[in-house]
Amino acid sequence: MVQFAKKIKKPEVLVQSNSGTPAQSAQPAILKPFAALMALLFFGTLFVLFFISIFDTDKTVSETENRNLATMPALTASSLFDGSFMTDFETYYADTFPFRDELMQLHNTMSDFFSGTRTSDDIVLVERGNENDFAGQDITYDDEE
Amino acid sequence: MVFSSLVFLYIFLPLCLAAYFISKQIKIRNIVLLIFSLVFYAWGEPVYILLMIATTAVDFFAGLFVEKYRGTKKSKLFLTLAVVLTLSSLGLFKYYDFFATTTNDLFAVHIPPLGVALPIGISFYTFQALTYVVDVYRDRVPVQTSFYKLLLYVSMFPQLIAGPIVRYSDVCEQLEVRTCTLQKAAQGIVRFCIGLLKKTVLANFAGELCEQLIGGDLSALSMLGAWVGILAYAFQIYFDFSGYSDMAIGLGKIFGFDFPENFRYPYVARSINDFWRRWHITLSTFFRDYVYIPMGGNRKRWAVNMLIVWLLTGLWHGASWNFVLWGLYYFVFLMIEKLWLGEKLDKLPAIVGHLYSLFVVLVGWVFFYFESLPEIKAFFIAAFGANGFSDVTQRTVIVNYIAILPVCAICAMPILPYLRKKLANLREKKSWRVLWSSGQTVFAAFALLISTAALVGSSYNPFLYFRF
């Protein structure tokens with residue numbers, strides 16, 4: 001089939017561009033130093049956060065939310081093909097994202113502005129003496145003498 | 001994978017950009033983009049990626065045969081075969097269950113439904129693949145002889161899952177030659193950030209408001225709650241969908257592509273006809289050029305052609321009766337405008353046209369939002385005051401979310417084009433250009449920060465296109 005494909009000569013046809021208007025044709029140019037700064041900021045942020053998120057994976061507990069963070073899901077053939085690995089990985093990644101608490105704070109401020117209510121609904125109820133107790137540490141309760 | 005996710009922004013995108021810009025050779029860049037696009041799709045659809053590749057293969061070989069037998073009957077035969085096969089995958093995965101259940105209800109037979117999930121983006125990429133084979137047949141584009149380039153066109157991740165519907169003719173030259181400049185990248189970044197902010201902030205907050213008002217029990221819905229709720233939905237779907245198109249166009253620019261525009265401030269339309277020239281432009285032009293005109297356009301059986309196109313437009317948005325109704329609803333208004341109202345609207349003050357269009361579009365979203373007829377009926381009963389004008393809990397919700405409505409309204413107006421036009425007149429003044437450039441830089445940084453915070457902090461980040 002590849003041979004066959006090669007035999008067909010590409011005809012020279014004037015391409016008619018016919019759908020919609022070209023994207024933002026009359027856009028005034030961004031001055032070069034600013035364009036460079038913007039590219040540096042944008043790509044820089046992506047890369048810096050990428051590296052931090054890859055190498056800084058120690059965090060397992062969220063103290064502000066009083067819960068264990070999601071852990072890295074195990075990669076198996078079945079979890080890959082049914083897509084559960086991807087979903088779990090996204091949860092894990094969001095849980096362990098760099099500067100998570102600070103970004104949460106910013107989100108809450110924004111939420112207050114737009115919705116007037118806090119949307120931190122991640123309250124997890126745990127049983128006493130459960131291994132999921134705060135930070136996995138043993139806690140002595142006052143009424144447990 | 002979707003754009004509005006941390007994994008996309010902070011793992012996929014940096015890796016893809018690094019790999020892409022390592023080499024200056026277009027061939028290597030194409031291959032990098034193809035590999036990343038396949039990973040992007042497989043992340044969400046690890047199995048159905050084979051369906052996408054198979055669809056592309058069908059249209060690739062059909063294109064070769066159409067070219068080989070050009071001028072003979074066989075050429076048309078291969079075109080027909082390709083169109084039928086391509087559409088049948090859409091038919092099977094998207095419409096089979098709908099027709100099975102409908103037939104079962106109508107004729108008391110029992111056709112078992114398949115019960116499979118809709119592969120993400122199937123409605124977009126099958127249409128894209130079709131534009132290729134049809135345009136080869138029409139001799140508008142040269143046949144593509146390398147499979148990976150056609151696969152790159154179909155699967156290219158910026159426009160893969162939520163549009164715009166880029167035609168092969170739009171990008172076939174860019175697959176061979178394209179330039180990446182700092183200027184283009186900077187403009188792409190701004191565009192991407194606009195889209196990201198629209199999706200993660202405006203659409204999601206408007207969505208929360210909509211959900212709280214009209215997402216639950218409709219029997220207690222007040223008149224105020226109903227109208228504010230559907231208004232919030234109008235904002236949600238616009239900012240979500242147009243935000244996605246912005247991100248696609250912006251990413252395309254970073255990689256050196258020019259994709260067509262998909263939205264042009266639809267809510268400032270002066271008529272319904274105008275609305276459809278501003279809303280999801282690549283879809284309506286697709287139906288115009290690949291369905292309406294081939295059927296005869298306005299030269300023969302005009303009304304029938306219009307009816308078919310709008311039934312199909314409705315069905316394209318989802319395999320369900322409410323979308324059929326939604327399409328028919330627009331058909332009715334377009335006919336009324338064409339035959340009678342259109343000329344009158346032109347003579348009246350602009351504000352009349354704006355208000356009329358907004359009202360019609362707003363009512364239209366009711367058919368889009370509610371998927372069952374009883375719900376639609378219950379909504380209209382509430383919207384016309386049967387359950388009272390206002391209700392204390394719904395009023396509280398509206399007051400809580402009140403800030404989102406004016407912000408959305410302002411952002412839905414063409415303020416940026418207005419500023420740009422103003423600026424074009426002042427082009428020679430350096431200080432204005434410095435202000436414009438620095439403004440965009442600050443905006444991009446701010447938008448990325450806010451959107452990241454929204455993605456980290458928000459548990460509500462829906463993806464609306466599972467039905468498309």
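**Exercise 1. Among contacts in chain A between residues at least 6 apart in sequence, what percentage join residues at least 24 apart?**

Let's start with the ground rules. This is a predicted model, where local features need pLDDT of at least 70 and side-chain atom pairs count only at pLDDT 80 or more, while totals for chains, interfaces and linings use all residues. Residues are numbered from 1 along each chain as its sequence is written, with chains lettered from A and ligands numbered from 1 in the order in which they are written.

Step 1: two residues are in contact if their C-beta atoms, placed from the backbone, lie within 7 Å.
Step 2: for chain A, the share is 40%.

**Exercise 2. Describe the side of chain A that touches chain B.**

Step 1: 60 residues of chain A are in contact with 69 residues of chain B.
Step 2: the elements giving two or more residues to this side are H1 (2-7), H2 (32-55), H3 (77-81), H4 (84-95) and H5 (100-115) of chain A.
Step 3: H2(A) gives the most, with 15 residues.
Step 4: sort by class, with Ala, Val, Leu, Ile, Met, Phe, Trp, Tyr, Cys and Pro as nonpolar, Asp, Glu, Lys and Arg as charged, and the others, Gly among them, as polar. This side has 39 nonpolar, 16 polar and five charged residues.

Technical notes. Helix = DSSP H or I, 4+ residues; strand = E, 2+ residues; numbered from the N terminus.
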